[in-house]
Each structure stands twice: as C-alpha cells, then as structure tokens.
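Please look through the sequence and the structure below, and then follow the explanation.

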Amino acid sequence: MKEKVTLNSQQLDEVLACYRQIESELRVKLESLKSPLELKFGRPVILFIESRTKKGKSLIEKARRYDWQITDETIHLIKDIAGLRIIVQHVDDIDRIVDVLRQRTDFKVVDEKDFVRSPKQSGYRSYHLIVQYDFNDLKGPATRYAEIQVRTVGQHFWAVLQHSMMYKYGLEVPGHVAENLRLIAEETSNMDEKMMVMRWAVSRELETDAIRAYAEKLVNSLFQQKGSKVEPITNLDPSSYFEKMSILELSFLLGQQGIAPSGFNPQTLSRCSCCDTPFLLHEKVRVLTTNCTSIAEKTADPVRLCKVCYSLIIPILRRELAPLSSVNRDWLQKEQEETKHLSRKIYQFFSEKVRSPLRKRLQQTAVRKGISIALQSSSLDVGTVTLFKAVMGDRLTVQVDSEWDPHHGEAETLILYFKMNYRVIGKVQVSYTYPEIEWDEFHEPELIEPESFLYNASELSRIFAQIEAELQERPEPFSMVISR
C-alpha cells in the first residue's frame with residue numbers, strides 16, 4: 001500500500017500552478033461562448049465571467065476543518081480549487097448556459113447542484129457544476145476537477161453583499177442580519193423573474209398559443225359561471241371587469257369574503273394566473289373582482305394578471321364578450337362583420353407582402369441546401385396569433401406572429417414579429433388607412449382617397465435577408481416532410 005506523503009510548501013505550489021492552468025484554459029473556453037450566444041439570442045446572455053484558484057492558506061484551513069493531511073490524494077478530493085463563475089442577464093439564461101455546458105466534449109459535467117430552484121436556507125441562489133477536465137501539464141496528460149457557477153446579476157449582487165456580511169461577522173451572523181439577507185434574497189429573486197417577463201414582453205417571446213388558450217378559458221369561465229353577475233356594458237370595454245389592487249389588498253378582500261388564510265397559498269396568490277410571473281405584495285395588479293362578476297367570489301384563486309398578459313388578453317376578451325351586451329346588438333353584429341371584412345383585407349396584404357415572398361425564399365434556400373420544410377399558416381384574428389411558421393428539421397423554426405386590436409377608427413395598426421427559433425429578430429408595423437369617400441345626396445359616392453397600407457419596406461427586406469443569411473450558415477442537412 002502506497003504511503004501518503006504530506007506535501008511541503010514547494011509541492012503545494014506546484015499543485016496550485018496546475019489548477020491555475022486549468023482555470024486559465026477553462027476561462028478562455030467560457031469567454032468564447034459570449035459572441036455565439038449573443039448572435040443566437042440577439043442580446044448579451046453572458047455579462048461577464050470571474051475565476052480564481054484557491055490559495056495555499058485556504059486549502060490548509062479547509063484540510064484542518066475536515067482533519068485531513070495535506071497530501072496529493074486529499075488535495076484532489078477538493079473539487080473547487082479552480083473555480084469559475086458565469087454571470088448572466090436573466091433566470092432562464094441559467095438553464096441555457098447549463099445546457100450548453102452539458103453538451104461540451106472538451107470537459108465533462110460530473111455533478112450538479114441547483115440552488116436556484118432549491119435555494120439555501122440563507123437565501124443563496126446559484127447553479128453549481130463540477131466538471132472533469134483533461135489537460136496537459138509539464139509532466140504530461142492529467143485529469144482534474146473544477147467548479148463552474150452560473151447565476152444572474154441579481155443573484156450575484158446578493159451573494160457579494162452576503163459575503164461582505166460573513167466577512168465582517170465571521171460565521172456567527174446575528175439573527176436579524178441573516179433574516180434581512182434572506183428577505184432581500186427573496187425580493188431579488190422576484191425582481192429577477194419580473195425582469196425576465198418584461199424581456200418576454202419587449203421581444204414578444206411569450207407563446208401566442210398559451211396566451212390565447214388562457215383567454216379562451218377565461219371567457220368560458222365567465223359564460224359558464226352559474227348565477228353570474230356580469231352586467232351588459234355599452235362601451236364593450238372588458239377592462240371594467242378588472243380592478244387594480246395589490247396582492248396584500250386582495251388577501252384582505254378574500255378574508256372579508258370569509259376565506260381563512262389557510263384556505264389559500266400566498267405564494268400562488270402572488271403570481272400571474274396566466275404566465276406565473278411573481279408579484280410583490282404591494283404591487284398593483286389586475287384582478288377580476290366580485291363587484292363586476294362572481295368569477296372570483298368564494299374562491300381562493302381569483303384571476304390575477306400582470307401588465308403583459310393583461311395587454312395581450314384584453315383584445316380577445318373585447319371580441320369574445322361583445323355578445324353579452326343586449327344594448328345595440330345590431331351595432332355589435334355590424335362591428336363584428338366589419339372586423340371580419342377588415343381582417344380579410346389586412347390578411348391579403350400579409351399574404352402578398354410577407355407570407356408568399358418569405359415562403360418562396362425559404363423554399364429556394366431549402367432546394368439549394370437539400371433541406372425539407374414543414375409550413376403552417378393561420379388566419380388573422382384579434383389579439384396575438386402565429387400567422388406563419390416554418391419548421392426545418394428539429395433545429396430551426398421561422399415564425400411570424402401578429403398583434404392586432406381593431407378600433408374601427410380612421411386607421412388600423414397591425415404589428416408583425418419575426419422570429420427564428422422563437423427569438424425575435426425584427427418587427428414591422430403595418431398601418432391601414434380606410435378609403436375616403438365623399439357622399440353627396442345628388443350624386444353617386446365618389447372615392448377621394450383609396451385605402452392604403454404603410455409599412456417599412458426596407459426593414460422587411462432586411463429581415464428577409466437576415467433569415468436567408470442564417471439559413472446559409474447552417475451546413476447540416478435536415479429531413480422533414482413538406483406540408484401546407
């Protein structure tokens with residue numbers, strides 16, 4: 001049996017030099033991920049990277065805590081001597097980075113700890129990975145371990161704050177300080193999630209099918225609710241069904257209705273009913289209230305909507321709830337017919353200027369590269385709709401989403417969001433102006449100004465060119481059945 005030899009100071013320095021080499025090589029590999037990720041998602045995903053190699057004094061103190069001898073074998077039991085940290089923008093970026101690291105072939109992930117979904121009691125949140133790394137030092141090939149942490153900039157801010165507190169108090173942090181740190185960690189986590197949802201709103205990464213499904217579910221609940229107190233509204237504005245209140249005020253309202261605090265889960269109550277984004281207790285949210293409808297009456301789960309989901313759902317509710325009004329029913333029917341007529345006009349414009357040329361470009365590219373595609377189209381509708389989607393194998397999607405809320409005024413606005421792999425690469429706004437007709441009781445109506453569509457043609461061309469360029473950069477062949 002080989003005798004364990006305690007390392008002297010020079011031998012320990014040689015071991016640490018080996019880990020500094022690992023730190024340096026891994027950092028270069030991680031830094032190289034920045035540009036491809038930014039190109040893929042259209043924004044910086046990795047903000048910055050930190051790294052360090054433990055000092056000899058730190059290793060000696062850790063070995064003493066575990067009653068270890070400072071030997072070559074025990075040193076290599078410590079998996080975080082070389083440590084690297086990746087700071088990302090948003091919570092969902094953590095999973096993106098972790099997936100990329102798992103797929104690497106130049107090192108192997110051998111252990112993972114998810115402190116994001118299961119934070120430590122202190123409030124600490126981060127994702128830890130232990131990687132096995134093969135390299136060459138002066139003595140030849142060797143295998144060692146390193147730790148990679150992935151966290152958001154908010155989680156990093158909290159960890160730095162907590163570290164400074166720990167440094168001041170040592171391990172004996174006063175109870176009130178520890179509790180305040182835990183509460184700050186929760187608020188930081190909430191803000192992380194809220195910033196992520198706001199990014200979805202800006203880039204429209206929210207799935208239109210999920211939004212529409214929830215809106216239809218909400219409409220069905222209103223129609224099917226027995227004894228519903230829904231009153232006809234002449235302005236057809238479903239926003240009057242909602243009331244702005246804080247989660248704290250909503251909790252008091254439920255208590256006044258006779259629901260005991262044990263009858264509802266505060267953690268669930270403080271999240272959007274549609275997209276599950278978290279709310280702060282004092283934040284004003286849209287709640288479907290009992291003074292307009294009984295949908296929230298005697299229930300611990302009233303409808304709560306964030307600003308993003310509210311703005312996307314309201315146009316659908318406006319269209320679907322219109323038949324509830326018995327006043328001006330003929331006018332309502334006429335407006336619905338005008339909406340359908342207008343929808344056909346705008347969709348015809350979309351088909352000629354967007355869908356047909358885009359489909360032609362995709363098919364030409366597919367022929368040149370030997371790629372088969374599956375094409376799907378939908379009709380224009382109120383709210384958010386996926387109008388066009390092309391799926392190329394299991395690696396690429398090209399998609400066009402629309403956002404439309406008809407007002408039947410002098411002009412209508414349609415917004416088109418172009419996506420590749422569900423990432424928005426461009427937006428085009430289309431403005432439709434109604435034809436101007438002069439009415440004279442002595443003559444036939446005369447067309448003064450024809451209808452018109454205004455849009456940024458150069459931006460549309462740029463988007464088409466970007467799609468073609470990204471397709472050209474993908475050399476691997478795909479195989480897929482063509483359908484329409």
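A search of the whole structure finds 26 salt bridges, each being a side-chain nitrogen of Lys or Arg within 4 Å of a carboxyl oxygen of Asp or Glu. This is a predicted model, in which local features need pLDDT of at least 70 and side-chain atom pairs count only at pLDDT 80 or more, while totals for chains, interfaces and linings use all residues. Residues are numbered from 1 along each chain as its sequence is written, and side-chain values use heavy atoms, with hydrogens and water left out.

Because Asp 92 lies in helix 5 and Arg 199 in helix 7, the pair ties together parts that are 107 residues apart in sequence; helices here are DSSP runs (H or I, at least four residues), numbered from the N terminus.

The axes of helix 5 (residues 91-102) and helix 7 (residues 175-203) come within 7 Å and cross at roughly 85°, where axes are lines fitted to C-alpha atoms over the stretch in contact and angles run from 0 to 180 degrees between N-to-C directions. The two helices are therefore roughly perpendicular to each other, a term that covers 65 to 115 degrees.

Methods:
Parallel < 35°, antiparallel > 145°, perpendicular 65-115°, else oblique.
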